Amino acid sequence: MGKKALQFHRITPDLQLCGTWNTPEQFDRFLNFLKEQKIPVLLPDQPGSGIIITFDDGECSIYDHAFPLLKKYGMRAVVFLIGAYIGKENYWDIRLASKQVRHLSWEQIHEMSDWGIEFGSHTMTHRNLTHLPFEIIKQELIHSKEIIDTRIGGCRSVSYPFNRVNSKVLAAARSAGYTYGFGGDGTDHLLIKKEALYITDTAKSLQIKISERPSSLYQYERIKQKIINMFTISTMILKGTTMRSSAT
Ligand SMILES: [Zn+2]
């Protein structure tokens, strides 16, 4: 089956307006499913087939609600940090409108890193890299890698914001020194396939997402993922509009 990545964002018991979150109970059921099915949970560097658990955006909810469960099951994961927001509260995500997002602090990152959680880059400012000039893409990728390497070391992976990657982004990731890239069609170490898990997912749909042979239900899941990604992109466009209007 090779290696496949599961993509999580926020793990919280509090109701969210977006689809990209999971409750701690749900996350517990997913991990329990992987354990019961004896599906290996790996880090990118580990040999063999299995699942890589990943978290995008580096929010505090990962420390508060996911880390205790990862420890309970003895499963490691990769957390992708947004370089400019580490240890900061920020309004970068318009989905939260009135609510600030807390991001992991270096203290929390160190504690998780000491336990065996790996940290990678989710760029500096979480922009769609495919829309940026090559030099800016390189800056986004190099600077964020340097920050993580300086503080904890071992930044080998990048997760492309909004799962947007093209040949230009791929070339920039390679030249920035990344070994693994998350997002893409699975044809390269820098294009590892991700399956996002949403609040609507169950152990059954998780099983379908990680199974080798796509079924018709799997196709349905792909369409659902595309629709949620479209919402994310409209968020991005709205945010761009807000930023431009506030700048004038
Ligand atoms: Zn993200």
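A: Strands (E, at least two residues) and helices (H or I, at least four) are DSSP runs, numbered from the N terminus.

Q: What sort of model and numbering is this?
A: It is a predicted model, in which local features need pLDDT of at least 70 and side-chain atom pairs count only at pLDDT 80 or more, while totals for chains, interfaces and linings use all residues. Residues are numbered from 1 along each chain as its sequence is written.

Q: Which strand pairs with β5 over two bridges?
A: Strand β4 (residues 50–55), in the parallel sense. Two strands pair if DSSP finds at least two bridges between them. T54 stands opposite V78 in β5.

Q: And which strand is joined to β5 by four bridges?
A: Strand β8 (residues 118–121), running parallel to β5. There V79 stands opposite F119.

Q: Which hand is the unit of β4, α2 and β5?
A: Right-handed: β4, helix α2 (residues 60–73) and β5 make a β-α-β unit of that hand. With the strands pointing away from the viewer, the path from the first strand over the helix to the second runs clockwise in a right-handed crossover.

Q: OK, the core. Which residues have the most contacts inside the largest one?
A: I62 and V79, in a nonpolar core of 48 residues. Such a core is a set of buried Ala, Val, Leu, Ile, Met, Phe, Trp, Tyr and Cys residues joined through C-beta atoms within 7 Å. Helix α2 gives the most to this core, with five residues.

Q: What is I62 in contact with, leaving aside neighbours within four places in sequence?
A: I11, F55, F67, V79 and L104. Contact means that the C-beta atoms, placed from the backbone, lie within 7 Å.

Q: Back to the strands. What does β1 pair with?
A: Strand β1 (residues 3–8) pairs with β4 in the parallel sense over six bridges, and F8 stands opposite F55 in β4. β1 also pairs in the parallel sense with strand β11 (residues 194–196), over three bridges. The bridge partner of Q7 in β11 is A196.

Q: How many helices and strands in the protein chain?
A: Seven helices and 11 strands. Of the 248 residues in the chain, 34% are buried.

Key: A residue is buried if 20 or more other C-beta atoms lie within 10 Å of its own, exposed if 12 or fewer, and partly exposed in between; C-beta atoms are placed from the backbone. Two residues are in contact if their C-beta atoms, placed from the backbone, lie within 7 Å.
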